[in-house]
Amino acid sequence: MTTTTSMTMNRRSLLALGGLAAAATGAGLAGCGGSSQDRPQTGGGGDTSVLPDHIAFPEVSPDLPGDLDSLIAPGYFGYPDGADRVTTVDGDVGTGGDLSVFVITYSPPPPAVKRNAYWQAINEALNVNLKPTLVPTDFDTKLAAMLTGNDIPDIVTMHTASAWRLRGYESVVQDKFADLTELLSGGAVADYPNLARLPQQAWEAAVVAGKIHATPTLRIRTAGPIFTRPDIIEEAGANPEPTNKEEFEELCKAVTNGPGRRYAMAATSSWLEHLFFPMFSVPNGWRQESDGALTRDFETEEWEAAIAYIADTWKNGWWHPDVGGSSLEVEPLFANGTIALFSDNFVRYTVRGEVNFDVGLMSPFLAEGGKGAQYTLGPTDFLTFVKKGEVERVKECLRVIDWCSAPFGSEENFLRTYGVEGDDHTITDGEPVLTERGSSEVTGMSLRFVAGGPDVLYAQNGAPDMVKMLHDYQSDNVDNQLVDPTQGVYSPTESRTSAASQKIADTVSDVITGRSQVSALAEAVDGWRKAGGDKVREEYQAALEELPA
């Protein structure tokens with residue numbers, strides 16, 4: 001079944017929300033469409049005995065109920081008004097002094113605090129003088145330099161992939177950041193109610209060498225959904241919801257209508273893998289065999305068959321000729337009708353809410369017919385660490401993180417997301433909408449990465465049809481979810497195989513575009529094994545064996 005929605009959007013709204021959508025895409029939030037070649041998004045200590053208790057508390061009832069265990073996000077048709085919003089934090093958060101934060105940003109720098117109504121409101125709410133270091137480019141290099149220089153901010157947030165790429169990750173974390181175990185493990189987390197509501201699985205990546213060293217930021221776990229342009233596809237006489245390879249090929253032939261005009265697809269580094277890999281039953285990252293052994297996706301015959309098939313679709317002329325753009329560069333081609341299929345994350349269209357074209361979702365299918373696997377991501381997107389120091393200072397930082405973790409529908413979340421009414425947002429038809437100033441101030445501060453989640457399905461500019469479409473998609477694919485078995489465990493060697501993994505990605509592009517033969521794939525995979533891939537396998541298998549039964 002294809003679900004579509006059609007809405008309109010003005011340029012001011014797009015500019016206001018574009019920074020947040022860009023951030024979600026660049027960071028891989030909310031079911032991102034990133035490549036499984038970029039593996040280090042999972043990992044922890046493997047020990048779940050120290051995890052915080054899960055302590056739920058009443059929340060604003062959604063219009064469409066969610067089920068975190070089934071990976072269905074709750075859906076809201078509107079942001080709760082002031083009368084319905086809940087307050088989750090009582091008493092003072094900070095102690096009135098400076099508090100430094102180090103975090104990535106995907107937006108231009110915000111105005112200085114004296115000219116920034118949002119920054120001032122956050123300082124007042126937290127009772128701190130927030131001093132952020134916002135890193136717009138080359139985050140990993142600047143993170144390493146900061147750690148080497150030993151001038152550690154009070155709170156440091158990094159994407160999980162950046163964490164795992166740190167050389168000597170475990171020793172760095174133990175040396176630089178506070179052990180939070182006594183403050184958060186088990187029932188102790190009750191002192192931080194917004195952290196206590198996070199599901200236990202989300203904390204696994206925060207465990208380093210058997211201790212809690214970070215707090216998680218959660219995301220929607222639906223990986224790489226395939227958005228479609230049903231208006232274009234149906235006008236061309238094709239089915240926007242193919243159920244097998246033949247119907248998919250009919251779609252591609254129908255919508256591709258000549259050089260420089262329209263194509264079925266455009267290539268990013270992932271080559272729409274969340275469309276093609278399920279067609280050929282490729283594992284989601286790793287596959288655990290019946291004897292417990294692990295096999296990496298690109299070591300399988302299914303993966304090679306998928307790459308060979310993508311090469312056929314390229315040869316048939318169904319791809320836009322420009323190769324290697326980011327999703328941000330490709331999305332305009334989808335919006336203007338140059339391509340009919342686009343893989344991205346749920347956040348893009350729940351954040352933007354209103355778009356001026358029809359949007360549909362294509363469910364995964366097998367090449368020979370039947371439901372394909374819906375890949376899932378790990379629950380944790382960013383990790384936030386607290387600088388080592390006196391216990392009262394660590395507790396203050398945790399109170400700040402707890403405030404930032406307040407859920408959708410709370411007063412704290414509303415302020416963090418929308419800032420000050422009149423300056424940062426207006427209320428239009430009952431819904432908060434960021435102003436241009438709000439986009440600069442709110443998205444520029446990047447507090448959304450410091451803590452938060454689980455994400456909900458909510459379109460900032462309204463659009464209940466979009467919310468329902470995404471909720472229906474998650475509900476329809478509950479029974480065919482495919483989890484990477486290594487989610488929740490950590491391989492120290494993985495970060496040292498990045499060059500070999502990139503060689504595989506480059507070889508894939510060469511094979512697909514006809515510059516190399518399919519036989520070149522085996523050589524690249526063998527290079528990965530020799531560069532540490534087999535060691536990664538051993539480490540994952542050992543970590544899995546240590547997990548509680």
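Strand E8 and strand E15, residues 380–386, pair in the antiparallel sense over 4 bridges. Strands here are DSSP runs of at least two E residues, helices are runs of at least four H or I residues, and both are numbered from the N terminus. Two strands count as paired if DSSP finds at least two bridges between them. Opposite Leu383 in E15 stands Pro216.

Before I go on, this is a predicted model: local features need pLDDT of at least 70, side-chain atom pairs count only at pLDDT 80 or more, and totals for chains, interfaces and linings use all residues. Residues are numbered from 1 along each chain as its sequence is written, and side-chain values use heavy atoms, with hydrogens and water left out.

Back to the sheet. It is open, has 5 strands in the order E4-E3-E5-E15-E8, and its pairing is mixed. E4 (129–135) and E8 (215–218) are the edge strands, each pairing on one side only. From one strand to the next the twist averages 20°.

Which way do the residues of E8 point? Thr215 and Thr217 point one way, Pro216 and Leu218 the other, and all are buried. Buried means under 20% relative accessible area, exposed means over 50%, and partly exposed is in between, with a 1.4 Å probe and protein chains only.

Helix H3, residues 139–149, lies across E3 (98–104), E4 and E5 (155–159), and runs at about 145° to E3. For that angle, axes are lines fitted to C-alpha atoms, for helices over the stretch in contact, and angles run from 0 to 180 degrees between N-to-C directions.

Now the cores. A nonpolar core is a set of buried Ala, Val, Leu, Ile, Met, Phe, Trp, Tyr and Cys residues joined through side-chain atoms within 4.5 Å. The largest one has 78 residues, and Leu130, Leu143, Leu195 and Leu383 are among those with the most contacts inside it. Helix H15 (residues 391–404) gives this core its largest share, 7 residues. Leaving aside residues up to four places away in sequence, Leu195 touches, among others, Leu184, Trp203, Thr215, Leu398 and Ile401. Contact means heavy atoms within 4.5 Å. A second, separate core of 51 residues includes Ile233, Cys252, Trp271 and Val508.

Next, helix H16, residues 411–418. How many of its residues are buried? The count is 7 of its 8 residues, including Phe414, Leu415, Arg416 and Tyr418. The buried residues of H16 pack against H2 (117–126), H15, E16 (425–428), E17, H17 and E18 (457–458). Just after H16, Gly419 takes a positive phi of about 70°.

Thr435 sits in the loop between E17 (431–434) and H17 (436–445). Why does Thr435 count as buried? Because its relative accessibility is 10%. The side chain of Thr435 reaches the backbone oxygen of Asp423 at 2.8 Å.

Last, the whole chain. There are 20 helices and 19 strands. Of the 549 residues, 59% are buried. Among contacts with a separation of 6 or more, 80% join residues 24 or more positions apart.

Terms used:
A polar contact is a pair of N or O atoms within 3.5 Å; within protein, one must be able to donate a hydrogen and the other to accept it, and residues adjacent in sequence count only if both atoms are side-chain atoms.
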